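The sequence and the model are shown first.

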Amino acid sequence: MSSTALDKAPAPSPAAVASAQSEQSLVHRARNGDLEAYDELVRIYQERIYSAVYHMTANHDDANDLAQDTFIKAYQALKSFKGDSSFFTWVYRIAVNKTINFLKQRRNRMHMSLNDLDFNAEHDADLVALISERTPRREVGLSELQEKLNAAMLKLSDIHRLVITLHDVQGLSHEEIGKIMDCNTGTVRSRLFYARQQMQAYLSDYLK
Amino acid sequence: MSASNEFSQLQKLLKLKRHEQPAHGYFIHFSDKVMARIEAESPVSRSSWWQWLWASLDTKPLVACGYTCMAAGLLVIGFGVSRSIESDEPTGSALVRPWYAASPTASQSFALDHSSSTALALDRSDAASSVTPVISSSAPGFLFDVSRVGREPGLQPKPELTSYHFR
């Protein structure tokens, strides 16, 4: 997912990527074993799924493995997909469950392997404004900020990191997050509020 | 202070996460890797070729329909060709063809064994006709000729089991 696309549409719905009808058609074909249709579904959602897992793990290799495992698991379980929710929500749920299970297993061996910041980060007005007062060298400031930000996110519980990732990083709505996390929007809002409070405390030096 | 204002600085900072991207071209090959793993783990790839063919045709009804139409067309053409060949043949010629009925040679006609119990009497004048079947009692008659059992070596009847011993 390009950063430009993210900036323009921070909260894209699945309908923006593929219409509901075409998604249903692809899912139907994929359920009948059409690998080309499933390949298309993977291409539609690969960046979002990878991104969600990456922001949860702060590790590229883990995110790569988990994102691939998610799509393989989804394909194998496609027969059991009833269509009660959208395919997008269903795949997200698989990814989230896989990631949380993975994080429980590696609880004591957190290791960050962060992706590089793209070129647009240096030109983001909000980010520039945040670091300009603190670091005279902008590039170093961004890298440092990136590490501090990820370290702070890793201090959150899995649930709170997930809600911050889905809402504030990926731009999903409360309703969509509620479907993915299988809870109501009130719970999503309260978790989001708590997670933000925690993050604000961890990053207080950079937010004054 | 509303929640959005309270956390506006944090939300701006979290935008930095959106700029964390994997290496250029990573997503170009991502789906290929997923599909390769799916195909490797699929039971279809481990099954026999006809299962694979059936599965692939099952998912592509248009291709299956095409193959069916092609097979049906070939059948119809084959049937038409065979009918046209049959209509070209002259009627009544079948019986005079040598592979429908072979005329017996003179030695075969006189080789009939009249002493056998299963021998069939044949008129020698009819034996020359290709329409009358040639029946010889010499070879096939031996298979059912019980009168020869006991007279010839190697055809001695086995003694019947008259008593049973149980342990």
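The account below treats the helix, the contact and a strand pairing in turn.

The model is predicted: local features need pLDDT of at least 70, side-chain atom pairs count only at pLDDT 80 or more, and totals for chains, interfaces and linings use all residues. Residues are numbered from 1 along each chain as its sequence is written, and chains are lettered from A and ligands numbered from 1 in the order in which they are written.

Helices (H or I, at least four residues) and strands (E, at least two) are DSSP runs, numbered from the N terminus. Helix α3 of chain B has 16 residues (26–41) and, at 1.5 Å a residue, should span 22 Å; the 23 Å between its end C-alpha atoms agrees with this. The expected span is 1.5 Å times one less than the number of residues.

A residue is buried if 20 or more other C-beta atoms, placed from the backbone, lie within 10 Å of its own, exposed if 12 or fewer, and partly exposed in between.

| Class in α3(B) | Residues |
|---|---|
| Buried | B:Phe30, B:Ser31, B:Val34, B:Ile38 |
| Exposed, on the face turned away from the buried side | B:Ile28, B:His29, B:Asp32, B:Ala36, B:Glu39, B:Ala40 |

The buried residues of α3(B) pack against α4 (35–57) and α5 (60–76) of chain A; contact requires C-beta atoms, placed from the backbone, within 7 Å.

Chain A gives 40 residues to the contact and chain B gives 28 residues. On the side of chain A that touches chain B, α4(A) gives the most, with 7 residues.

Strand β1 of chain A (116–117) pairs with strand β1 of chain B (20–21) in the antiparallel sense over 2 bridges; pairing requires at least two DSSP bridges. A:Asp116 stands opposite B:Gln21 in β1(B).

Note on methods: Two residues are in contact if their C-beta atoms, placed from the backbone, lie within 7 Å.
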